[in-house]
Amino acid sequence: MFDIRWIRENSEAFDKALARRGYEASAEKLIALDDARRSHISRLQEAQERRNAASKEIGKAKASGDEAAAQALIDEVAKIKSFIQEGEEEERRLIADLEAAMAVIPNLPLDDVPDGEDEADNVEFKTWGEKPAFDFEPKEHFELGEAQGGMDFATAAKLSGSRFVLLKGQIARLERAIGQFMLDVHTGENGYTEVSPPLLVHGSALYGTGQLPKFEEDLFKTGGEHYLIPTAEVPLTNMVTGEILAEEELPLRVTALTYCFRSEAGSAGRDTRGMLRQHQFMKCELVSVTAPDQSLEELERMLACAEKVLELLGLHYRVMTLCTGDMGFGARKTYDIEVWLPGQDTYREISSCSVCGDFQARRMNARYRVKDSKQLGHVHTLNGSGVAVGRALIAVMENYQNADGSVTVPEVLRPYMNGLEKIG
């Protein structure tokens with residue numbers, strides 16, 4: 001969401017930034033909607049002033065004995081009252097029209113974000129580690145998992161349909177171990193506070209973080225007023241909805257290990273084998289709420305926290321700076337971490353870390369009080385995966401596989417596996 005006053009004062013810059021994201025110019029349309037709202041409010045104020053003046057004139061007319069004039073004024077006041085009542089409804093409609101128009105416009109990219117249309121135009125930022133070498137043909141995770149009897153897609157399909165998996169035995173334990181390991185790293189070493197949030201939220205929470213109204217088809221809605229969360233970013237970020245925080249409280253850093261639910265609309269035919277693209281998956285989410293002058297530094301810090309997980313697991317990865325055409329709706333700048341999967345012989349995204357500026361905060365009305373002053377400002381929000389548990393499971397299985405189909409358990413995970421060194 002944007003400040004319409006800023007758009008008025010920076011209409012050319014606004015349209016130029018939207019063009020970088022492949023969107024048509026919108027400043028003129030938004031300003032026209034705001035002009036209609038302001039003009040209508042002005043008419044309401046004039047009517048209110050006339051009603052107040054006419055009400056005083058009624059008393060004077062009656063005092064002078066001019067009943068005809070008094071009645072005419074009473075009739076005028078009644079008409080004005082009716083106009084104001086109808087006008088207030090029209091004002092609400094005009095405000096809603098402006099908000100609806102702004103609600104579907106994506107955030108504006110930072111100046112240092114590379115221009116581009118899609119993932120082919122993303123720019124490599126850095127790499128870590130080396131690709132593992134095998135003296136045999138590495139298998140994909142689902143080949144390893146099915147051979148071990150711990151990854152069952154057929155039963156999951158019988159229960160729930162496509163894009164679900166049933167994990168069993170040591171592989172189920174390995175997934176649990178990976179998630180617990182991530183939480184311990186982020187809470188014990190990276191300074192995040194663990195939260196166990198609801199997995200069902202109201203539409204207002206999804207509006208606050210930008211999933212609604214534009215991306216409803218990607219969500220699972222219950223029969224009532226709730227939606228299943230597509231990411232823990234939604235409840236974690238909305239913890240500050242409507243709040244006024246003290247600047248001394250910032251930055252706030254929270255993390256949660258939750259299941260996430262996505263309809264995967266538009267992904268038909270993509271990643272149909274295995275666990276890469278599921279309707280239900282587990283993810284360790286990181287969210288930060290900062291003062292405006294902290295947010296860019298916080299993005300680099302968040303990225304380092306997510307990277308640390310992969311480094312402790314000994315997984316080779318690269319970091320990509322997303323181009324303007326590949327960024328998420330609410331992001332101003334995004335880093336994707338892509339882990340190496342030898343079974344696929346390619347990199348796959350395992351984390352996205354984004355800074356959103358005040359885009360979400362304006363939708364949530366989340367503010368802070370500037371230190372030693374009465375001034376209020378909107379906070380900045382950031383979110384990132386620290387990291388996706390299912391994809392980390394895939395990466396561990398493919399990178400630590402052995403020729404006999406077994407998988408060596410990374411040393412940092414063995415305490416969570418009761419000392420087990422190998423599965424399968």
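In which helix does Gln360 lie? Select Gln360 to begin: the residue lies in helix α11 (residues 359-364), helices being DSSP runs (H or I) of at least four residues and strands (E) of at least two, numbered from the N terminus. The model is predicted, with local features requiring pLDDT of at least 70 and side-chain atom pairs pLDDT 80 or more, while totals for chains, interfaces and linings use all residues. Residues are numbered from 1 along each chain as its sequence is written, and side-chain values use heavy atoms, without hydrogens and water.

Gln360 is buried, at 1% relative accessible area (buried is under 20%, exposed over 50%, partly exposed in between, with a 1.4 Å probe and protein chains only). Display next its contacts (heavy atoms within 4.5 Å): beyond four places in sequence, Gln360 touches residues including Glu233, Thr237 and Thr381. A polar atom of its side chain lies 3.1 Å from the backbone oxygen of Thr209.

Move to Glu349 in strand β13 (residues 346-355). Glu349 is partly exposed, with 35% relative accessibility.

Beyond four places in sequence, the contacts of Ser352 include Tyr335, Asn383 and Gly384. An unreviewed UniProt entry lists Glu349 and Ser352 among the positions of a "binding site"; such annotations may be inferred rather than shown by experiment.

Finally, select helices α7 (residues 169-188) and α12 (residues 389-399). Among the residues meeting there are Ile171 and Leu174 in α7, and Val389 and Ala392 in α12.

Conventions
Axes are lines fitted to C-alpha atoms, for helices over the stretch in contact, and angles run from 0 to 180 degrees between N-to-C directions. A polar contact is a pair of N or O atoms within 3.5 Å; within protein, one must be able to donate a hydrogen and the other to accept it, and residues adjacent in sequence count only if both atoms are side-chain atoms.
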